[in-house]
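Have it open while you read.

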Amino acid sequence: MQFIMNHPKTLAFLKEILMTPSPTGFMPLIVPKVKKAFQELGYPITQDKKGNILIRIEGRSSEKTIGLSGHLDTLGAMVRSIKDNGRLRITTIGGYAFSTIEGEYCLVHPRGQKAISGTVLTTSPSVHVNPDAKTQERSEENMEIRIDEIVSTKAEVESLGIRVGDYISFDPRTEILDNGYIKSRHLDDKAGVASIYAYLEFLSARNLKPAHNLVVLLSTYEEVGHGAACIPPEVDELLAVDMGAMGLDLGGNEEKVSICAKDSSGPYDYDMTGKLIELAEMSALNFVIDVFPFYGSDVSAALRGGNDLKGALIGPGVHASHGMERTHVNALEDTAHLLALYCQ
């Protein structure tokens, strides 16, 4: 089977979702866009009680059901408290180093109101004033949000509608370069979701069916560990499409699809992983097999949730994960191609 990715549509979809805030649990902006994109491909959309998006596609055989998962939620923050000086103390959503968000522009999302812009700073932000500006520990208690409004007291901030528990999203700074590189926050896992989109667009454009019934689950709580904890009971195999980590002794890079044999939750299914490797080799895809030491996926959550299924993990290589990330369109294409080989 010759897989052909529609580059303009896939990259337009990817840019749209990268530019749309979606820290874990904050889905009102991104879900309508994602539902519309997949509905335009001709696929019916449902949601479970948690808010995960489900797309069911009839296969040529109902002998088994394959699940594909990607996650829409990203790293972010939440207002922990409002300081007397009008700055906001934050609490993290997802696991990242505070140094990766220092100086970043952000949006505070008061419930039911327009977002308010701000900047993530340390409490000692000026080398001209603060003697510990360079040495201050980058920790939660030393980070704050300076909002772009004329405020200097807690009451003035509250008058804008900002309250404890409001979500904070970080500027993704998305750029898609002519040479194929894609620079952005939150490629984990919006690059993986775009690879799933590329595969379904391929099916839709050619009026093809997968070999077996297919359930696509786009989860909303993966970054906090329970995104796909509950899977539709008909799913026999779950293939998570998430970023391929890079660094240290790992073999992955930004132009390859990674096949993960094991992560912090343990080894992935031997037969599924073996089949993915065989298909990648037969089709001469640019791929690597890796072990991710500090990583978990929607398959990890599904297995811990007690679901009776097999699980495997693939994804495009992403550099500087949970920071200023980068991948390449070739990695998205090979990931989508491997999906097509596995499911067709």
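**Notes on pockets, a cavity and one serine**

1. Let's begin with the largest pocket: helix α6 (residues 298–304) supplies the largest share of its lining, 4 residues. Bear in mind throughout that this is a predicted model. The largest pocket holds about 510 Å³ of space, and 27 residues line it. If you want to find its centre, look for Met-243, Phe-294, Tyr-295, Gly-296 and His-322, which are the lining residues nearest to it.

2. Now for the second largest pocket, with a volume of about 180 Å³. Its lining consists of Lys-9, Ala-12, Phe-13, Glu-16, Ile-17, Lys-33, Lys-36, Ala-37, Glu-40, Leu-41 and Tyr-197. Two elements, α1 (7–18) and α2 (30–39), each give two or more residues to this lining. The top contributor is α1, with 5 residues.

3. What classes of residue make up the lining of the second largest pocket? There are 6 nonpolar and 5 charged residues, and no polar ones.

4. How many cavities of 30 Å³ or more does the model have? The count is 1, and the volume of this largest cavity is about 80 Å³. It has 13 lining residues, with Leu-75, Arg-185, His-186, His-322 and Gly-323 nearest the centre. By class, the cavity lining splits into 4 nonpolar, 5 polar and 4 charged residues.

5. Finally, the serine. Ser-195 sits in helix α4 (residues 187–206). Is Ser-195 buried or exposed? It is buried, because its relative accessible area is 0%, and the cut-off for buried is under 20%.

6. Who surrounds Ser-195? Setting aside neighbours within four places in sequence, Ser-195 is in contact with Val-241, Pro-316, Leu-332, Thr-335, Ala-336 and Leu-339. His-337 is worth a look as well: it lies 142 residues from Ser-195 along the chain, yet their C-alpha atoms are separated by 8.6 Å.

How values were computed: Residues are numbered from 1 along each chain as its sequence is written. This is a predicted model: local features need pLDDT of at least 70, side-chain atom pairs count only at pLDDT 80 or more; totals for chains, interfaces and linings use all residues. Side-chain values use heavy atoms; hydrogens and water are left out. Buried means under 20% relative accessible area, exposed over 50%, partly exposed in between (1.4 Å probe, protein chains only). Contact means heavy atoms within 4.5 Å. On a 1 Å grid over the protein atoms alone, a cavity is a set of points where a 1.4 Å probe fits but cannot get out, and a pocket is an open set with protein on both sides within 12 Å along at least five of seven lines; lining residues have an atom within 4 Å of a point. Grid points are joined across faces, edges and corners, and a volume is the space filled by probe spheres set on the points. Ala, Val, Leu, Ile, Met, Phe, Trp, Tyr, Cys and Pro count as nonpolar, Asp, Glu, Lys and Arg as charged, and the others, Gly among them, as polar.
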